[in-house]
Amino acid sequence: MLGRHRRQRTFIFELTADCANACVFCYNVRHVCGASEEELSAGRWIALAERLHAETGFEEVALSGGEPLLHPGCEAIAAALDAMGVRVSLVTSGGGLDGERTRRLLEAGVGLFQLPLHCADEALHDALAGRRGAYADAARAFAEVFAAGGDAVGVCVVTDANVSRLREA
């Protein structure tokens, strides 16, 4: 591991490679390189987090993927991190993020939702995400998070296809 001499403040935990989107810019190892499909259980993620926290004292974790909401232990992992005093953010497409799920995630300690907003043009956003309805999912997720009293930020992957359209967003 990193050892006590080194201070790592932030980690990104890619909980799963599963995702409903097929983003043109996806870097997920399973999709790009055909890496192993074995994923860690919630218990193994929590044990890893506890070990890393003991060794580094990290302060923040972004739960990512694929789509982290597809991991069955997403809320449990967030709650365990929160119990360690770690700030938790969730990088999600917003698909499947309804009012009840949003409340559960907030109760588990998710302090920030990072949602895609690749441009203001719905068709181009959907094309970049590789799925029709991706823009609508993200817009709905922003509304759900704000309605539940949570915080959300837009995340934009800049590509040749959207760079000229970013002023519209």
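The model is predicted: local features need pLDDT of at least 70, side-chain atom pairs count only at pLDDT 80 or more, and totals for chains, interfaces and linings use all residues. Residues are numbered from 1 along each chain as its sequence is written, and side-chain values use heavy atoms, with hydrogens and water left out.

Biologist: Which strands are the edge strands of the sheet?
Modeller: Strands are DSSP runs of E with at least two residues, numbered from the N terminus. Two strands pair if DSSP finds at least two bridges between them. The open sheet has five strands in the order β1-β2-β3-β4-β5, with parallel pairing. Each edge strand pairs on one side only, and they are β1 (10–16) and β5 (152–155).

Biologist: How many bridges join strand β4 to β5?
Modeller: Strand β4 covers residues 110–116 and runs parallel to β5. P116 stands opposite V155 in β5. The number of bridges joining β4 to β5 is four.

Biologist: Are α3 and α4 roughly parallel or roughly perpendicular to each other?
Modeller: Helices are DSSP runs of H or I with at least four residues. Axes are lines fitted to C-alpha atoms, for helices over the stretch in contact, and angles run from 0 to 180 degrees between N-to-C directions. Helix α3 (residues 74–83) and helix α4 (residues 99–108) pack at about 25°, with axes 8 Å apart. Angles under 35 degrees count as roughly parallel, over 145 as roughly antiparallel, 65 to 115 as roughly perpendicular and the rest as oblique, so α3 and α4 are roughly parallel.

Biologist: Which residues of α6 make the contact with α5?
Modeller: The axes of helix α5 (residues 122–129) and helix α6 (residues 134–147) come within 7 Å and cross at roughly 105°. That makes α5 roughly perpendicular to α6. Contact means heavy atoms within 4.5 Å. From α5 come E122, H125, D126 and A129, and from α6 come A134, Y135 and A136.

Biologist: How many disulfides does a search of the whole structure find?
Modeller: A disulfide is a covalent bond between the sulfur atoms of two cysteines. Here the cut-off is a pair of cysteine sulfur atoms within 2.5 Å. The search of the whole structure finds zero.

Biologist: Does C156 count as buried or partly exposed?
Modeller: Buried means under 20% relative accessible area, exposed over 50%, and partly exposed in between (1.4 Å probe, protein chains only). C74 has 0% relative accessibility, so C74 counts as buried. C156 has 32% relative accessibility, so C156 counts as partly exposed.
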